[in-house]
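This report describes selected features of one protein chain.

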Amino acid sequence: NRSSDLENMDEQLVWIFLSLGVGTAICILVAIARWFGSGKAKAEHQEQPEKDAQSIDKTANEGLRKRRGPIQKRGRSAVVEKHHLQAADLKGHTGSVLGLNFSPDGKSLASCAEDRTLRIWNPKDFLENNHKYVRANVELDYAKTVSFSPDSKAVVTAINDCNTVRVFKILRKKDGSGTCSVALDFPQEHKESILMASVASNGRFILTYYCDTTFIIWNLKGEILARGDTKQVKNNFGTISPCGRFVATAGFTPDVKLWEVEFDRSDDFDGLVRAMELKGHTASVYCVSFSKDSTRAATVSKDGTWKFWDLDVQYKQQQDPHLLLTAHYNHEGASSAALSPDGLLVAVTCQTSIHVFNTSDGSLAGKLDKVHASSIVDLAWDPLGKYLASAGGADKHIRVWHNEWGYRARIVDLREKIAKAPSQAHKERLKQQKKDAECALASIMQLRSD
């Protein structure tokens with residue numbers, strides 16, 4: 001019996017050790033599985049922020065492509081040294097400045113920004129320390145572009161989220177104060193994102209331009225007169241000529257199309273017809289700008305060139321615009337451009353800098369290097385050509401520059417005209433204009449020395 005008991009005990013010990021061995025093996029396997037699982041989860045946790053950031057960046061890029069201007073980094077504001085030609089640094093916006101425009105009478109400068117405000121500045125204050133403005137709020141939205149009515153008493157804006165036009169009425173007092181309030185909202189008539197809105201100088205129509213290939217002509221009541229298709233794959237830029245007759249469209253294709261908005265003698269809309277094409281660029285066109293009399297235009301392209309055109313042609317007799325000049329600029333991304341009112345200069349943005357060229361020969365008249373802390377998104381000349389204003393986008397600043405280059409170019413131009421003047425009376429008028437330009441230039445030089 002004792003031997004039988006020993007055998008049973010040995011058998012039990014074998015099963016105990018076997019159970020312990022199996023249990024230990026299972027614990028080791030579980031521990032290994034958990035260790036690998038933890039490492040994988042940690043790796044996934046480390047990769048996830050990068051994936052999330054890439055997803056956010058992709059979404060942001062897709063959204064910003066629908067807006068006007070290049071994508072910009074925000075949050076930092078680099079120190080920018082004051083340039084000797086700076087007339088004013090207009091501060092007040094708390095979000096990226098997207099657009100600006102001078103009024104036809106030259107007495108106001110309007111700006112719009114992502115801070116959901118419009119601001120109407122007074123050029124009389126440019127040389128002062130304090131810059132007064134009239135403010136309007138864009139409730140739960142923001143304006144992409146701003147354009148003055150012909151009488152300078154209202155502004156037309158392209159509203160981002162609502163994807164339509166909003167008109168603000170301006171009431172200004174003699175002391176510079178005033179109000180700017182909503183007067184009219186247009187209906188939303190197109191699904192694709194709006195890029196800009198502008199009103200014709202003759203007050204006959206309003207243009208809206210969208211990120212696909214669509215543009216719409218409206219009357220001032222918010223009723224559609226016509227829809228146009230640029231057939232340029234993707235729209236980049238649209239504007240109205242200062243004479244109020246033509247709409248210019250630029251897009252992915254290398255040509256610029258000009259359309260005439262026709263009205264009959266009773267001022268009733270009579271149609272939208274293709275008038276001219278500006279051909280010669282080899283890549284998409286970023287921007288089109290007209291001279292004040294609409295006889296000249298400048299175009300800036302991704303191909304690294306800007307071109308100067310003569311539009312004073314009989315296009316209804318199939319006469320094409322004349323290419324007067326092609327010149328190169330420092331192409332470092334999407335650029336804005338503005339042709340001076342007299343057509344003697346074209347200003348082109350190069351990221352944070354502005355290069356000013358003579359349209360007579362394409363030479364560089366001057367440059368403003370690194371005058372903003374982020375890429376410049378818009379330029380505007382005042383109607384008299386006295387100032388050039390620039391919008392610094394994400395740096396939230398609007399800077400105004402003395403047009404020293406313009407007065408120099410005007411003096412040279414007037415000298416040539418005086419020599420060719422057909423009569424003594426005409427010559428005397430030109431001499432007086434030259435004297436005025438020389439006095440204005442001397443005033444700027446005095447400010448520089450001070």
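Arg 296 is placed in strand 19 (residues 296-301), where strands (E, at least two residues) and helices (H or I, at least four) are DSSP runs numbered from the N terminus. With a relative accessibility of 27%, Arg 296 counts as partly exposed; buried means under 20% relative accessible area, exposed over 50%, and partly exposed in between (1.4 Å probe, protein chains only). Arg 296 and Leu 323 are separated by 27 residues in sequence and by 10.0 Å in space, C-alpha to C-alpha.

The model is predicted: local features need pLDDT of at least 70, side-chain atom pairs count only at pLDDT 80 or more, and totals for chains, interfaces and linings use all residues. Residues are numbered from 1 along each chain as its sequence is written, and side-chain values use heavy atoms, with hydrogens and water left out.

**Backbone angles**

Most residues other than glycine have a negative phi.

**Helix packing**

Helix 2 (residues 404-419) packs against helix 3 (residues 424-449) at an angle of about 155 degrees, and their axes are 9 Å apart. The two helices are therefore roughly antiparallel, a term for angles over 145 degrees; axes are lines fitted to C-alpha atoms over the stretch in contact, and angles run from 0 to 180 degrees between N-to-C directions. Their crossing is left-handed, meaning that the near helix is turned anticlockwise from the far one by less than a right angle.

**The largest pocket**

The largest pocket has a volume of about 1100 Å³. A pocket is an open set of points on a 1 Å grid over the protein atoms alone, where a 1.4 Å probe fits, with protein on both sides within 12 Å along at least five of seven lines; lining residues have an atom within 4 Å of a point. The volume is the space filled by probe spheres set on the points.

Of the 43 lining residues, Asn 101, Phe 102, Thr 239, Ile 240 and Pro 242 lie nearest the centre of the largest pocket. Strands that each supply at least two lining residues include strand 2 (97-102), strand 14 (235-240) and strand 26 (378-381). By class, the lining has 25 nonpolar, 14 polar and 4 charged residues; Ala, Val, Leu, Ile, Met, Phe, Trp, Tyr, Cys and Pro count as nonpolar, Asp, Glu, Lys and Arg as charged, and the others, Gly among them, as polar.

Key
Angles under 35 degrees count as roughly parallel, over 145 as roughly antiparallel, 65 to 115 as roughly perpendicular and the rest as oblique.
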